[in-house]
Amino acid sequence: MDKKIIFVNNPAAVSGGALSILKQFIEEVALKLNNNFVTYIFCNVDLSEYNCEKVKIINNIKIKRGLGRITWDLFGLKKWSRKNSIKPDLLISLQNTAISGFNNVKQIVYLHQSIPYYKNIKWSIMKKEERIYWFYRYIYKAIIHFSIKNNYVVVQNNWMKKAILKDHKVKNDHVKIVKPKFSSITRYKSVEIDKRVLFYPSSGEIYKNHIVLVEALNLLVNNFNMRDLKLCFTISKTNFKNKLVLEKINQYNLEDNIDFLGYLKAESLNEYYSKANLVLFPSYIETVGLPLLEAASLNKKILCSDLYYSREALENYKSVKYIKYDDYKNWALFIKDSLYEPETTNEVLVNNDKNWCEMINFISLLLYGEKND
């Protein structure tokens with residue numbers, strides 16, 4: 001049987017969640033496909049440790065975003081294919097939009113950008129800090145639409161599948177759900193829970209909604225006199241996209257109540273999860289909300305935005321309270337009431353090692369008409 005060639009395109013993944021997904025794909029799919037497959041990974045980072053007979057890392061693309069990425073997706077990969085006389089049997093794009101130039105080659109688009117599907121959130125092109133989100137909401141969604149209409153789509157959860165089916169009229173059997181794995185968190189038994197510590201693990205994007213926690217903390221500290229509270233952000237001051245957050249912290253004199261921890265490596269992240277009394281997650285745009293799964297794996301008390309991503313992620317989890325994402329008064333009250341509540345015993349939430357099996361079987365069915373052995 002001739003070996004099937006798979007091209008996986010993801011030069012945009014250089015850090016964060018996108019790079020984690022790329023590594024998961026290599027570890028859980030490319031390396032686990034049977035010997036009838038050879039997978040070429042086109043990227044911009046050093047993943048040479050994965051090079052083997054079944055996986056070939058091509059990491060000299062030298063483009064990440066903007067015009068360079070568009071040019072690569074439209075012409076560059078096809079040019080590489082011709083130059084090296086390697087023709088793919090299947091294309092997989094892990095960066096939301098399809099690859100062009102390969103007529104009659106089946107393609108899977110891994111769609112994990114959820115901004116276009118939060119229709120109740122409005123962005124203004126007139127505001128500098130919102131322009132990129134406006135682009136994703138209105139322009140990028142149109143690009144996605146034309147990109148996936150004749151291809152197959154993989155999403156991370158059920159609510160995204162429903163949104164894709166509704167907005168893009170894709171056939172139901174052309175959309176598959178492949179849940180990502182979340183970080184392995186181990187509770188530090190030597191670290192006691194600190195009743196004062198509120199922990200919000202996230203990046204600094206505007207939609208991560210740090211502002212609602214600052215407003216809530218102001219009520220708790222300055223109205224309820226809870227001056228020993230410590231709110232911990234996994235972001236540095238310089239990386240905040242919303243400068244209003246910093247202005248409010250100064251206005252309310254909360255400098256001593258908020259720690260800007262910056263990016264935390266796994267060991268430090270585990271430590272803060274372990275000692276936090278409450279894990280907070282007020283983000284109003286997420287695909288999955290992986291920190292919710294991480295916190296739940298440690299049986300932590302969680303307060304989060306009441307949105308479909310969180311309801312799906314924490315389905316059947318007991319130690320969670322859902323709050324309207326922009327109601328800072330309710331955030332303050334829920335935090336106050338939850339501080340001294342005991343932890344509730346939950347069924348331990350663990351990674352499902354079969355999450356990526358759906359992708360493996362999807363690939364095998366598309367190319368051979370049968371599941372991977």
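1. Asparagine 60 sits in the loop that runs between strand 3 (55-58) and helix 2 (66-83). The model is a predicted one, and in it asparagine 60 is exposed, its relative accessible area being 52%. Since the cut-off for exposed is over 50%, the label follows from that value of 52%. Leucine 91 is 31 residues away from asparagine 60 in sequence, and the two C-alpha atoms are 19 Å apart in space.

2. Aspartate 73 and arginine 69 form a salt bridge through their side chains, at 3.5 Å from N to O. Both belong to helix 2 and are four residues apart, so about one helical turn separates them. Aspartate 73 is buried, with a relative accessible area of 6%. Arginine 69 counts as buried as well, at 15% relative accessibility.

3. How many salt bridges does the structure hold? The total is 13. A second one to look at pairs glutamate 286 with lysine 208, whose side chains meet at 2.5 Å, N to O. Glutamate 286 is in the loop between strand 11 (276-281) and helix 8, while lysine 208 is in the loop between strand 8 and helix 5; the pair therefore ties together parts that lie 78 residues apart in sequence. Buried is the class of both glutamate 286 and lysine 208.

4. A further salt bridge links aspartate 326 to lysine 324, with 2.8 Å between the closest N and O atoms. Aspartate 326 is partly exposed, at a relative accessible area of 41%, and lysine 324 is exposed, at 53% relative accessibility.

5. Lysine 300 deserves a separate entry. Is this residue, lysine 300, buried or exposed? Its relative accessible area is 0%, so lysine 300 is buried. Lysine 300 is placed in the loop between helix 8 (290-297) and strand 12 (301-305). A polar atom of the lysine 300 side chain lies 3.1 Å from the backbone oxygen of tyrosine 273. The side chain of lysine 300 also reaches the backbone oxygen of serine 274, at 3.3 Å.

6. Asparagine 96 has a phi near 80°, which is positive although the residue is not glycine. Asparagine 96 lies in the loop between strand 4 (90-93) and strand 5 (106-110), and at 6% relative accessibility it counts as buried. For asparagine 209, phi is near 65°, again a positive value in a residue other than glycine. Asparagine 209 is in the loop between strand 8 (194-200) and helix 5. With a relative accessible area of 5%, asparagine 209 is buried.

7. Which residues have the most contacts inside the largest nonpolar core? They are Trp123, Phe233, Leu280, Tyr284, Ile302 and Leu314, in a core of 82 residues. Helix 5 (residues 210-223) supplies the largest share of this core, nine residues. Another core lies apart from it and has 34 residues, including Leu33, Leu47, Leu94 and Met359.

8. Tyrosine 284 can be followed through its contacts. With neighbours within four places in sequence left aside, tyrosine 284 is in contact with Tyr118, Ile121, Trp123, Ile206, Tyr207, Asn209, Leu307 and Tyr325. One of these partners, Trp123, is itself listed with tyrosine 284 among the residues with the most contacts in the largest core. Another partner, Asn209, is the asparagine whose phi is near 65°.

9. Last, the surface. Ile132, Phe135, Tyr138, Ile139 and Ile143 form a nonpolar patch there, and together they have about 390 Å² of accessible area. Isoleucine 143 belongs to helix 3 (residues 131-148). At 39% relative accessibility, isoleucine 143 counts as partly exposed. Membership of a patch requires over 30% relative accessible area, and the 39% of isoleucine 143 is the value to set against that cut-off.

Conventions
Residues are numbered from 1 along each chain as its sequence is written. This is a predicted model: local features need pLDDT of at least 70, side-chain atom pairs count only at pLDDT 80 or more; totals for chains, interfaces and linings use all residues. Side-chain values use heavy atoms; hydrogens and water are left out. Patches are made of residues with over 30% relative accessible area and no salt bridge: like charges are joined within 9 Å, nonpolar side chains (Val, Leu, Ile, Met, Phe, Trp, Tyr) within 5 Å. Accessible areas come from the Shrake-Rupley method with a 1.4 Å probe; for residues, only the protein chains shown count as cover. A salt bridge is a side-chain nitrogen of Lys or Arg within 4 Å of a carboxyl oxygen of Asp or Glu. Helices (H or I, at least four residues) and strands (E, at least two) are DSSP runs, numbered from the N terminus. Buried means under 20% relative accessible area, exposed over 50%, partly exposed in between (1.4 Å probe, protein chains only). A nonpolar core is a set of buried Ala, Val, Leu, Ile, Met, Phe, Trp, Tyr and Cys residues joined through side-chain atoms within 4.5 Å. Contact means heavy atoms within 4.5 Å. A polar contact is a pair of N or O atoms within 3.5 Å; within protein, one must be able to donate a hydrogen and the other to accept it, and residues adjacent in sequence count only if both atoms are side-chain atoms.
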